[in-house]
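This report walks through selected features of one protein model, from strand pairing to backbone geometry and side-chain contacts. Please keep the sequence and the structure in view while reading.

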Amino acid sequence: MGDIIDYKIYGDDMQIVEIELDPNEGVRAEAGAMMYMEDGIVMQTSTGGGLFKGFKRMITGESFFITTFMYQGRGKGHVAFGAPYPGKIIPIQLEKYGGRFYCQKDAFLCAARGIDIDVAFTKRLGAGFFGGEGFILQKLEGSGMAFIHAGGTIIKKELAHNETIRVDTGCIVGFAPTVDYDIQFVGGFKNALFGGEGLFLAQLRGPGEVYLQSLPLSRLADRIYAAARFNQVGEKKGIGGIGASILGEIFDGD
């Protein structure tokens with residue numbers, strides 16, 4: 001049973017969530033997510049369930065530790081957590097989803113104390129080998145409020161029974177446990193080689209709610225890296241150097 005917490009979300013494209021705590025209430029968050037906290041709030045850092053859970057989080061690229069922020073003062077205490085990149089914070093009431101919700105491996109921001117944060121590996125073999133970001137998911141389990149973060153514009157879809165949608169694996173934020181998740185080959189030689197969307201798409205089949213994002217962190221990182229690399233080549237070699245570099249990469253296989 002998670003602590004019953006109140007909250008407010010501030011901002012538009014770079015949001016923060018401020019959690020209001022009563023005495024002896026707490027909220028759990030990934031290490032490094034805290035923005036500010038008031039007097040009376042004490043930090044308790046642990047693996048959040050033993051060494052094995054800590055190592056499983058490290059596999060997903062998350063922190064080995066989970067920090068619990070406990071309020072030990074009188075009246076009300078407040079602690080705030082900031083989004084790591086432009087996007088939106090999505091509040092999730094776990095009771096609405098039967099006490100369980102799946103989200104992208106880097107989506108979790110914070111949750112009421114008592115909610116379990118674990119790693120869920122995709123069941124199907126195809127999803128494991130080809131799913132990209134969608135292979136390893138985070139599982140939020142318990143009762144109470146949890147908060148996840150997504151990049152860009154957020155779309156919420158309510159899938160009917162057997163209704164199917166195909167999505168870029170990185171654009172999935174999270175989905176209800178009733179939604180069936182699988183990986184599907186794009187198909188076609190030209191689509192696979194020149195489509196630019198990856199060889200595989202995630203297939204989500206209802207019933208249940210699905211949250212999608214327009215700007216996954218991996219896509220943002222790829223664009224920043226490509227822009228930085230292009231500018232670096234241009235500064236060193238000029239326009240002619242850029243052309244020579246591109247040709248060289250084609251012949252080198254980069």
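## Strand β18 and its partners

In this predicted model, strand β17, which spans residues 180-185, pairs with β18 in the antiparallel sense, and the pairing extends over 6 bridges. Within this pairing, tyrosine 181 stands opposite leucine 204 of β18. Strand β15, covering residues 164-167, also runs antiparallel to β18 and is joined to it by 4 bridges, and here isoleucine 165 has leucine 204 as its bridge partner.

Strand β18 itself comprises residues 200-205, and because 5 of its 6 residues are buried, the strand is largely enclosed by the rest of the structure. In a regular strand the side chains alternate between the two faces of the sheet.

## An open sheet of 6 strands

Elsewhere in the model, 6 strands form an open sheet in the order β5-β6-β3-β10-β13-β8, with antiparallel pairing. The edges of this sheet are β5 (41-46) and β8 (87-93), each of which pairs on one side only. From one strand to the next, the twist averages 20 degrees.

Inside that order, strand β10 (residues 108-112) and strand β13 (residues 145-151) run antiparallel and are joined by 3 bridges. Phenylalanine 108 has isoleucine 148 of β13 as its bridge partner.

## The nonpolar core

In soluble globular proteins, nonpolar side chains tend to be buried together. The largest nonpolar core of this model has 54 residues, and those with the most contacts inside it are Ile19, Phe81, Ile148, Phe175 and Leu204.

For isoleucine 19, once its neighbours within four places in sequence are set aside, the residues in contact include Ile5, Tyr7, Val27, Val79, Phe81 and Phe147. The list also contains Asp6, Gly77 and His78.

## Tyrosine 36 and its surroundings

Tyrosine 36 belongs to strand β4, residues 34-37, and is partly exposed, because its relative accessible area is 31%. Tyrosine 36 and alanine 80 are 44 residues apart in sequence, yet their C-alpha atoms are 5.4 Å apart in space.

Leaving aside neighbours within four places in sequence, tyrosine 36 is in contact with Ile16, Glu18, His78, Val79 and Ala80. With glutamate 18 there is also a polar contact between the two side chains, at 2.6 Å.

Most residues other than glycine have a negative phi, and most peptide bonds are trans. Against that background, glycine 206 and proline 207 are joined by a cis peptide bond, with omega at about 20 degrees, and proline 207 lies in the loop between β18 and β19 (208-213).

Positive phi values occur at asparagine 24, where phi is near 70 degrees, and at asparagine 162, where phi is about 70 degrees. Asparagine 24 sits in the loop between β2 (16-21) and β3 (26-30), and it counts as exposed because its relative accessibility is 54%. Asparagine 162 is found in the loop between β14 (154-159) and β15, and its relative accessibility of 44% means that asparagine 162 counts as partly exposed.

Key: Residues numbered from 1 in each chain as written. Predicted model: local features only at pLDDT ≥ 70, side-chain atom pairs only at ≥ 80, totals over all residues. Heavy atoms only, no water. Pairing = 2+ DSSP bridges. Helix = DSSP H or I, 4+ residues; strand = E, 2+ residues; numbered from the N terminus. Axes fitted to C-alpha atoms, helices over the stretch in contact; angles between N-to-C directions. Buried < 20%, exposed > 50% of the residue type's maximum accessible area, 1.4 Å probe, protein only. Core = buried A, V, L, I, M, F, W, Y, C linked by side-chain atoms within 4.5 Å. Contact = heavy atoms within 4.5 Å. Polar contact = N/O pair within 3.5 Å; in protein donor to acceptor, adjacent residues only side chain to side chain.
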